[in-house]
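Subject: Structure handover

Hello,

Here is the structure for you to look over. My notes on what turned up follow below it.

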Amino acid sequence: MACPVKPLQLHLILLFALWDVCSMINSGMLFPRESSSREIKELNGLWSFRADLSPNRNLGFEQAWYKRRLAETGPVLDMPVPASYNDITQDPKLRDFIGWVWYDREVVVPSRWVADKNIRVVLRVGSAHYYSVVWVNGVRVTEHDGGHLPFEAEIGGVLRGDPAAPCRVTIAVNNTLTLQTLPPGNIQYLNDPARYPKGYFVQNTYFDFFNYAGIHRSVLLYTTPQTYVNDVTVVTDFADGLGTIAYDVAVAGSASSNASLKVTLTDGEGRRVATATGPNGGLKVVDATLWWPYLMHERPGFLYNMEVCLQVAGARGEVLEDRYTLPVGIRTVKVTSTQFLINDKPFYFHGVNKHEDSDIRGKGFDWPLVVKDFNLMKWLGANSFRTSHYPYDEEILHMCDRHGIVVIDESPGVGIRDIRSFGNASLAHHLEVMGELVTRDKNHPSVVMWSVANEPASEMPPAGLYFETVIAHTKALDPTRPVTYVTNSNYARDKGAPFVDVICVNSYLSWYHDPGALDVISLQLNTQFEEWYGKYKKPIIQSEYGADVVPGLHSDPPVMFSEEYQVMVLRSYHEVFDQKRKQYVIGELIWNFADFMTAQGVTRVVGNKKGIFTRQRQPKAGAYTLRERYWRIANETGLLPPWTKYPCSQLRSP
């Protein structure tokens, strides 16, 4: 097999596309919400699917598969959307496929959407891994570089070009990783003819999770008026019971200069509490109910609704409206040299790291799984998680907003280890990704911190300027939240975190280092904390720690991979955490919430087993250890309703 066509080569292949009938949306990206002026049509379900198995992975472009129904180009499969395609079939070639795959589906579009030229019709893809090109009725409407984040295009012009034609959506997705992508990777050719077939190659990755691919989140059609609310930004504050919401509304469309705006804030019961007019201004809320994290207050996750009503005069003198409602939580975030403050109260992160990963679906969004995970986190007493190692679906952040679960929002900058990944091309892409991430998630009260990378090779000479630029760019995009990248205690501490606001450290003592030696954890962990804090005088989160467990494997005395060993590792870390959280340690996030799939290798037996829950969400002994600890911390530091105050004796493992 030959190496797949690299994404940048597409610009040459697709120069013939008709750009004049569509336009890519470069800003805004408001989460689609229905209102009196907006409608949504979900395109989830079964799509036709075909992998390009040609040696150069370029047959689909050479034969222009997008010009007709995919089923007319050759054999196709049924493929669910959203889902990763890797585990859906019994074909091992598809499970490990690298290159272009193609999806298509014909959609019935309401006739009035097409007939009414005052309606914008937008196609939105929640995420696809990693490079995507989209056509509607054979016309290219957009492309997107990078996974995990949404992209969209206005397609009304295409639909109105041939109103009688069905709306056929074709999406080509390429999961090839290079040294300039996020996450990075590289294609390696194995040219020994005695050992490998001609053209044989492998995709090398620098991260410890499976390279799932496909259309992972919802595909939607939604409408707005031609003059519409394009973006909303809110910044909240409070003092002496008075809550304030500074807002800025961006309007787009031909009549945007003549638009008038009214902003109305209502509480959870629909009562109006504040109003304002104009594209930017402020709302004042007397006796404001603040947004509090789970287990920190008796009423966590309180949200107001801020409705933006845009009005503009139509061509015939009629009044045209666009209405968009944004949930808003009033809260503040501040960092001192020793504390993380939410609403001026010390907040301690006792939570988890997660992956978007499950049986069959891979990284595909799945509501039953999401609801199950939130129930498990609340059962555990977790108040927070990190989106390791990429942005999660927007629906998950909405859940966090409603439930009061605090989020460290991480970019897909995982595995930046090769010196060639610190060049200008990589930096430009990283800045673009951070811009998309902040634009998407800036208004979520649950998101309290931006993490720009995980375990980068920060000791390399080019890395300092690279990350200084990324961090400065992120702070400029959103000065209201602290910024960090997650480092590793083995890296040179004098080059590890000079520009960040919070230090996040991953370490696996008595696992990857001194395996089996439980008695060294206390000394080494104390040394780690003292060196980091002594150097930078910034609060520290233990952002990863843990040990692999084969479920049901027991040993006394504890040995590695047994449930008892994981418990002993956790308890050894916890003893040091309890000493240091009285000083400057502000959090602990276990690795990992649940077992997850990885690439095949001799160090992983059907995936990473560091979860405190199995991949099927069943608790291991470590889950009970953490549950007892997290509820005890919550009872010490929170203001909890009576029904959450459990005595620790009820939480112990049987």
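**Cysteines**

The sulfur of cysteine 400 lies 17 Å from the closest cysteine sulfur, that of cysteine 504, which is too far for a bond. A disulfide here is a pair of cysteine sulfur atoms within 2.5 Å. By that rule the count is 0 disulfides. Cysteine 400 counts as buried because its relative accessibility is 0%. Cysteine 504 is also buried, with a relative accessible area of 1%. Buried means under 20% relative accessible area, exposed over 50%, and partly exposed in between (1.4 Å probe, protein chains only).

**Ground rules**

This is a predicted model: local features need pLDDT of at least 70, side-chain atom pairs count only at pLDDT 80 or more, and totals for chains, interfaces and linings use all residues. Residues are numbered from 1 along each chain as its sequence is written, and side-chain values use heavy atoms, with hydrogens and water left out.

**Helix 7**

Helix 7 spans residues 394–403 and is mostly covered, with 7 of its 10 residues buried. Helices (H or I, at least four residues) and strands (E, at least two) are DSSP runs, numbered from the N terminus. The buried residues are Glu394, Ile396, Leu397, His398, Met399, Cys400 and Asp401. Their cover includes helix 6 (367–380), helix 8 (424–441) and strand 28 (406–410). At the start of helix 7, a side-chain oxygen of aspartate 393 comes to within 2.7 Å of the backbone nitrogen of glutamate 395. Just after the helix, glycine 404 has a positive phi of about 80°.

Serine 384 sits in strand 27. It is buried, with a relative accessible area of 0%. Its side chain makes a polar contact of 2.9 Å with the side chain of asparagine 383. A polar contact is a pair of N or O atoms within 3.5 Å; within protein, one must be able to donate a hydrogen and the other to accept it, and residues adjacent in sequence count only if both atoms are side-chain atoms. Beyond four places in sequence, serine 384 contacts residues including Phe349, Val406 and Leu589. Contact means heavy atoms within 4.5 Å.

Histidine 355 is in the loop between strand 26 (349–353) and helix 6. At 6% relative accessibility, histidine 355 is buried. Its side chain reaches the backbone oxygen of serine 388 at 3.4 Å. Among its contacts beyond four places in sequence are Phe209, Tyr390, Trp591 and Phe596.

Phenylalanine 467 belongs to helix 9 (residues 463–477). Its relative accessibility is 2%, so it counts as buried. Leucine 427 is 40 residues away in sequence but 8.7 Å away in space, C-alpha to C-alpha.

**Second largest pocket**

This pocket has a volume of about 780 Å³. On a 1 Å grid over the protein atoms alone, a pocket is an open set of points where a 1.4 Å probe fits, with protein on both sides within 12 Å along at least five of seven lines; lining residues have an atom within 4 Å of a point. Grid points are joined across faces, edges and corners, and the volume is the space filled by probe spheres set on them. The lining has 29 residues, with Asp96, Phe97, Ile98, Val202 and Gln203 nearest the centre. Strand 13 gives the largest share, 5 residues.

Best wishes
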